[in-house]
Amino acid sequence: MQTEQFIEQLAAGLEPVKRLRTPAARAAIWLALVGCAAALVIASYAHMDTALPRLAIPRIAIECAATGLTAIAAILAAFELSVPDRSARWAWLPLPPLLVWLGASGLGCLRSGLLFHDGSAIGESSHCFIFIVAVSVPLAVLLFAMLRRARPLNPIPVAAMGTLGVAASAAFLLEFFHPYDVTAIDLALHLAAVAALVLLGTALRRPLLRS
Amino acid sequence: MHAAQAGDRQAYGELLREVTPFVRALLRRYCSHRQDIEEMLQDTLLSLHRVRRTYDPRRPFRPWLGAIAARRGIDGLRRRLRVARHEISADARSYETFSEPAANDDIEALRARDELNELLQRLPVRQREALEALKLRQLSLAEASAASGQSVAALKVNTHRALKALRALFQKES
């Protein structure tokens, strides 16, 4: 088909569209919705009597803050990257908090020298994996419903950042339901859950993001 | 673009026509083939149409459009490389188009006919007449004799000599 004819067809089929809010505003909406839901869940179900003293320990506080910052940075990066004219360098934004999160968790395992919790079996660590995956699914549904409205042209980084943000949010919530120090097995399973979600989200990018 | 987001079809048509040379120039970085550029250009315009709600009028239009064109240019380049890896272009100049040897039989037969005609022209007239009448037109000896004015014995001798001479010419040529 000739380009001129093609342009005529596009123009003839034009419908008014509602402009999307800025990526930062859309990221803030998602974070606010998820933050409210998380606050409700924590207030209702978290073991605050064990979680609060743990969070007073600087290393755990740093780990928790880095997890939350990774979530915020990855979600913001996903929304920024979903729009055509934003720099691809947004994809680096979650890297610093992610490294701090991994470093703080890794340091915790090394210092405690624990492989398993006292008297527990590997089966208990798998609860973390299930928790992260189960919490991530509804968060991902909301996130991808918002991201796909932009129909990202390059869906790989958007899907990867989005799922990283969702998995980090779930890991942040897990801090309030994890009343003991992270063992090497826990850390491996946390990372496995995050990696599995990122890979799954990236693999399903086309149906999820309509691109 | 601002008007297009509000549904102004005329403004949208004008905008697309106006940006076409700019987009075409950008796409030339990814490809030099005219038809492929037009295909990428239409892909770019279609993408622009699909993502038009992401344009923010407070930001400049060109980088937004340029990013869409660059993405479609990269996709087009990838598609071309993928196709080039598995397919061979079939234009009239390429004879070795297909891997199946039988596919080239027609063109080889044509070439062989031309070569044979050239060699026949090099034979003495009597020998050529005898060969054409008996072997190519497949006349009987009596018919060939009547047509050429040569005796039956002369036709036999000339045909034999013509074949021998042709064989020698073929060997010399190859």
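## Helices H7 and H8 of chain A

In this predicted model, H7(A) crosses H8(A) in a right-handed manner; a crossing is right-handed if the near helix is turned clockwise from the far one by less than a right angle, and left-handed if anticlockwise. Helices here are DSSP runs of H or I with at least four residues, numbered from the N terminus. H7 covers residues 155–174 of chain A and H8 covers residues 184–203, and the two pack at an angle of about 150° with their axes 8 Å apart. The axes are lines fitted to C-alpha atoms over the stretch in contact, and angles run from 0 to 180 degrees between N-to-C directions. H7(A) is therefore roughly antiparallel to H8(A), a term for angles over 145 degrees.

Residues are in contact if their C-beta atoms, placed from the backbone, lie within 7 Å. On H7(A) the contact includes Ile156(A), Leu164(A) and Val166(A), and on H8(A) it includes His190(A), Leu197(A) and Thr202(A). By class, this contact has 12 nonpolar, five polar and no charged residues. Ala, Val, Leu, Ile, Met, Phe, Trp, Tyr, Cys and Pro count as nonpolar, Asp, Glu, Lys and Arg as charged, and the others, Gly among them, as polar.

## Helix packing between the chains

H1 of chain A, residues 3–12, packs with H2(B) at an angle of about 150°, with the axes 8 Å apart. These two helices are therefore roughly antiparallel to each other, and their crossing is right-handed. Among the residues that make the contact are Thr3(A), Ile7(A) and Leu10(A) of H1(A), together with Tyr12(B), Leu16(B) and Arg17(B) of H2(B). The residues of this contact divide into six nonpolar, three polar and three charged.

## The side of chain B that touches chain A

In total, 28 residues of chain B are in contact with 22 residues of chain A. Helices H1 (2–5), H2 (9–27), H3 (34–50) and H4 (61–86) of chain B each give two or more residues to this side. H3(B) gives the most, with seven residues. The side of chain B that touches chain A comprises 11 nonpolar, eight polar and nine charged residues.

## Domains of chain B

An automatic or database domain assignment gives chain B domain 1 (2–86) and domain 2 (104–173). Taken over C-alpha atoms, the centres of these domains are separated by 65 Å.

## Conventions

Residues are numbered from 1 along each chain as its sequence is written, and chains are lettered from A and ligands numbered from 1 in the order in which they are written. Local features need pLDDT of at least 70 and side-chain atom pairs count only at pLDDT 80 or more, while totals for chains, interfaces and linings use all residues.

Notes:
Contact = placed C-beta atoms within 7 Å. Parallel < 35°, antiparallel > 145°, perpendicular 65-115°, else oblique.
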